[in-house]
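Me: Please examine the structure below with me, with attention to its ring pairs and its backbone angles.

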Amino acid sequence: MGTRTQYFNLSGPVHMTSTDWNNTQHRTSVAASLVQGVYIQERDRQHHRHGLQALAPPWWDFFHFHLCQVLVDDSDFSIFGAIYEFKYPINTFSKLHPPRYVIAFRGTLTEPDTRSQDLKLDFQFVFVQKKLQDSSRVKKALNVVQELVHNAGAENVWLAGHSLGAAIGLVVGRKMVRMGFYLESYLFNSPFSAAPLEHIKNEKLKHGARIVGSVIKAGLSVGLTGHRQRPQEEDDAFTVLSGWTPYLFVNRDDPICSEYIGYFEHREKMESIGAAGIGKLATQNSVGSIVTCALGCSTEAFHLLPTACLVINMSESQSITQAHGVEQWWTQSFNWQSKIHKYC
């Protein structure tokens with residue numbers, strides 16, 4: 001038996017008796033549900049639930065998708081992703097704009113079968129992002145996305161992920177942009193690799209801490225790499241990303257992702273006080289990427305973006321677990337605030 005959240009009829013968006021593909025909230029609910037489908041597939045695998053006992057299929061059947069392929073980690077053999085295909089011909093629904101394919105990635109599971117590998121990848125995203133980039137999950141995900149885009153076209157392919165899965169989706173999405181493909185992407189509670197200053201209650205103190213952080217990063221960028229001219233292609237590569245506008249879903253009460261709020265808002269404040277140059281350096285760099293660049297190893301800060309549609313869940317959360325959960329994004333009554341941030 002599974003927990004309540006694993007049963008679609010008990011916790012899924014059953015209120016969506018029909019899907020309006022032009023409705024952003026409906027599209028969000030579908031994307032989040034397909035991610036949940038990956039979580040439940042792995043739990044089905046671990047608990048040996050097969051056939052009629054499996055709890056995962058309703059999470060995609062309800063929205064008229066079928067499961068094409070599961071993505072399996074080479075290290076622990078866990079299911080970390082899935083490819084879903086819309087069941088009906090796309091041209092039949094030309095006014096509805098559904099995706100033909102959705103590639104979804106789950107986040108961390110703390111069960112014994114997956115805990116070790118998932119936590120290792122979490123650590124890599126926060127501290128050694130190049131290792132996550134070189135992981136088998138990212139390589140496998142990138143290969144299947146490239147193949148789908150080649151066969152179906154970028155306009156027919158979505159990326160979706162939660163937590164660690166959102167981090168994988170972010171890495172893959174950035175790489176696809178560099179190839180000239182801009183995929184519609186739904187990234188839920190994606191980790192931000194920095195201290196969660198958003199949780200400082202005093203606004204002046206919080207703003208001051210961010211200014212100090214920006215000055216430190218700008219100073220490190222000039223001081224540690226000043227003897228080596230910053231490659232123009234690195235600036236250009238960040239600029240190229242501005243053509244991609246992924247949906248980033250964050251919760252103010254979630255320390256894992258909430259700093260995205262400050263990241264985007266602070267860029268605008270730095271411009272308003274005449275410190276756009278400092279803000280630009282801080283926007284493109286993390287302390288880790290600056291240090292590795294100074295050591296001769298160019299490493300991107302994959303969590304940093306010039307452009308995104310930031311969606312904030314303004315509803316009060318009862319716990320950090322609730323604030324970080326994927327299920328919040330398909331509930332019928334959650335209070336959200338969205339804004340497109342574009343800066344380069």
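Me: How many aromatic pairs does a search of the whole structure find?
Reply: The model is a predicted one. Rings of Phe, Tyr and Trp pair if their centres lie within 6.5 Å. A search of the whole structure on that basis gives a count of 23 aromatic pairs.

Me: Is the pair of Phe8 and Phe63 stacked or edge-to-face?
Reply: Planes under 30 degrees apart count as stacked, and those over 60 as edge-to-face. The ring centres of Phe8 and Phe63 are 6.1 Å apart and the planes meet at 85°, so the pair is edge-to-face.

Me: How many residues apart are Phe8 and Phe63?
Reply: Phe8 belongs to helix H1 (residues 8-11), whereas Phe63 sits in the loop between H3 and S1. The pair thus links distant parts of the chain, with a separation of 55 residues.

Me: Which strands hold the aromatic pair of Tyr186 and Tyr247?
Reply: The rings of Tyr186 and Tyr247 are stacked, at 4.9 Å centre to centre with 10° between the planes. The two residues are 61 residues apart, and the strands that hold them are S5 (residues 184-188) for Tyr186 and S6 (residues 247-251) for Tyr247.

Me: Is Ser163 buried or exposed?
Reply: Ser163 occupies the loop between strand S4 (157-162) and helix H7 (164-178). Its phi is positive, about 60°, although Ser163 is not a glycine. Buried means under 20% relative accessible area. Because the relative accessible area of Ser163 is 8%, Ser163 is buried.

Definitions and conventions. Residues numbered from 1 in each chain as written. Predicted model: local features only at pLDDT ≥ 70, side-chain atom pairs only at ≥ 80, totals over all residues. Heavy atoms only, no water. Helix = DSSP H or I, 4+ residues; strand = E, 2+ residues; numbered from the N terminus. Buried < 20%, exposed > 50% of the residue type's maximum accessible area, 1.4 Å probe, protein only. Phe/Tyr/Trp six-rings, centres within 6.5 Å; stacked < 30°, edge-to-face > 60°.
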